[in-house]
Amino acid sequence: SGSGFRGSTRSPPQKPSVPPGDPPGTPPLAPVLQLLRNQLQEKDALIRHLESDWERSRAQREREERLLVTAWYNMGLALQQQEGGMAPRGFPSGAQSFLAQQRLATVARRARTPHGRAPSS
């Protein structure tokens with residue numbers, strides 16, 4: 001019929017089946033794989049440790065920021081009470097923003113305390 005190429009149902013020659021594991025003539029892969037798995041576990045542990053450190057640092061920074069805001073607020077409140085509740089120029093202290101009050105209090109404080117130099121006139 002034909003030359004055997006066309007319509008041939010013969011499959012290409014198969015290599016003899018090798019049991020799962022390392023092919024003959026190659027170094028065993030199991031120790032290499034175990035080493036890589038161990039390194040991966042160490043890296044994962046390091047990542048978890050660094051993430052928890054970062055989370056603790058972030059929480060600490062947020063606490064410090066809240067403390068600073070509270071301290072500034074309390075300092076401003078103390079200065080406001082110390083000045084008798086009246087800001088310069090006769091405005092009641094409630095009529096100005098918190099930042100405006102802080103600026104005025106700073107200017108007034110600098111005018112009162114020279115910090116080692118003569119007050120500017």
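Biologist: Let's begin with D53: why is D53 called partly exposed?

Modeller: In this predicted model, D53 has a relative accessible area of 26%. Partly exposed covers what falls between buried, under 20%, and exposed, over 50%, so D53 with its 26% belongs there.

Biologist: What makes the contact between R56 and D53 a salt bridge?

Modeller: The side chains of R56 and D53 come together at 2.2 Å, N to O. The cut-off for a salt bridge is within 4 Å, from a side-chain nitrogen of Lys or Arg to a carboxyl oxygen of Asp or Glu, so the 2.2 Å pair qualifies.

Biologist: And where do R56 and D53 lie?

Modeller: Both are in helix α1, which spans residues 30–82. R56 and D53 are three residues apart, about one turn of the helix.

Biologist: How many salt bridges does a search of the whole structure find?

Modeller: The search finds three. One of them joins E55 and R58, at 2.1 Å from N to O. These two residues are also in helix α1, three residues apart.

Biologist: How do you know that E62 forms a salt bridge with R58?

Modeller: The closest N and O atoms of E62 and R58 are 2.7 Å apart. The limit is 4 Å, so this pair counts as a salt bridge. E62 and R58 are four residues apart in helix α1, which means they are separated by about one helical turn.

Biologist: Which residues are linked in a network of salt bridges?

Modeller: E55, R58 and E62 are.

Biologist: Are E55, R58 and E62 buried, exposed or partly exposed?

Modeller: The relative accessibility is 35% for E55 and 22% for R58, while E62 has a relative accessible area of 31%. Buried would need under 20% and exposed over 50%, so E55, R58 and E62 each count as partly exposed.

Biologist: Now for the patch: which residues make the nonpolar surface patch?

Modeller: L29, V32, L33 and L36 make it, and the patch is about 350 Å². Among them, L33 is placed in helix α1.

Biologist: What makes L33 count as partly exposed?

Modeller: L33 has 41% relative accessibility. That value is between the 20% and 50% limits, so L33 is partly exposed. Patch residues need over 30% relative accessible area, so L33 at 41% passes that cut-off too.

Terms used
Residues numbered from 1 in each chain as written. Predicted model: local features only at pLDDT ≥ 70, side-chain atom pairs only at ≥ 80, totals over all residues. Heavy atoms only, no water. Buried < 20%, exposed > 50% of the residue type's maximum accessible area, 1.4 Å probe, protein only. Patch = residues over 30% accessible without salt bridge, like charges linked within 9 Å, V, L, I, M, F, W, Y side chains within 5 Å. Areas by Shrake-Rupley, 256 points an atom, 1.4 Å probe, with all protein chains shown as cover.
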